[in-house]
Amino acid sequence: MAHPGFLLQSPETDPAVRRPCVAVAVVMRRERIDNRWQPWRWSLADIVPHEDGFGTQPRLLLKDEQEERWLHPGFKVELFTDDAEGYYLNVTTPQPCFWVVWRMEEEAALADEPIAVPQTVTLSYHDAGRWLDAQETVEQVAAPRDVVEWVQAFVDAHYVLEAKRRQRPQSFKPLQDRFGNPARVSTDKKSGGGSHG
């Protein structure tokens, strides 16, 4: 689904924001599947730029015999300097993405039956991993180029790739004699006991 560019805000361009952020809306999809016990399946459909016209409440966009689509507006995705590595791990993958954590409603509040409701959206690989470890439902959708370039600029400014310090093997430590003086090891063969004649 093509959409206009995201409004990417940062303290440098907008003094009203404390940290880089982008406002997004989440589109969830309910589709009919060929399963006698569970005829419907929920999934993440898309992430779109938030617009004021969306309002603040989830709303049904489409409903027919095969699917439903729900728009959930008003998510703010912020970038935190202490998670620069999480963004680095995202933008260096073949397909950088947004991750969304969603849960089913306990009781129907928005429709006749419970629907899938997004809880949070992130661009951090670490956040997504923590949620998966916590047994949450996490899905992803590709991030558009302008968002990826924005995250890459943040990574370039805040992430320092730490070179792994290779520990020198013990065998390369300088040898010392019992007095602390450098010891000399020779590999020359010495013949034992007297001359041969």
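This is a predicted model: local features need pLDDT of at least 70, side-chain atom pairs count only at pLDDT 80 or more; totals for chains, interfaces and linings use all residues.

A: Gladly! Residues are numbered from 1 along each chain as its sequence is written, and side-chain values use heavy atoms, with hydrogens and water left out.

Q: What makes S6 and S7 a pair?
A: Two strands (DSSP runs of E, at least two residues) pair if DSSP finds at least two bridges between them. Strand S6 (residues 97-104) and S7 are joined by six bridges in the antiparallel sense, so they qualify.

Q: Why do strands S7 and S8 count as edges of the sheet?
A: The open sheet runs in the order S7-S6-S8, with antiparallel pairing. Strand S7 (116-122) and strand S8 (137-142) each have a single partner strand, so one side of each is left without a neighbour in the sheet.

Q: Why is the pair of Trp99 and Tyr125 called edge-to-face?
A: Rings of Phe, Tyr and Trp (its six-membered ring) pair if their centres lie within 6.5 Å; planes under 30 degrees apart count as stacked, over 60 as edge-to-face and the rest as tilted. Here the centres are 6.0 Å apart and the planes stand at 80 degrees, so the pair is edge-to-face.

Q: Is Trp99 buried or exposed, and how do you know?
A: Buried means under 20% relative accessible area, exposed over 50%, partly exposed in between (1.4 Å probe, protein chains only). Trp99 has 8% relative accessibility, so Trp99 counts as buried, whereas Tyr125, at 41%, is partly exposed.

How values were computed: Helices (H or I, at least four residues) and strands (E, at least two) are DSSP runs, numbered from the N terminus.
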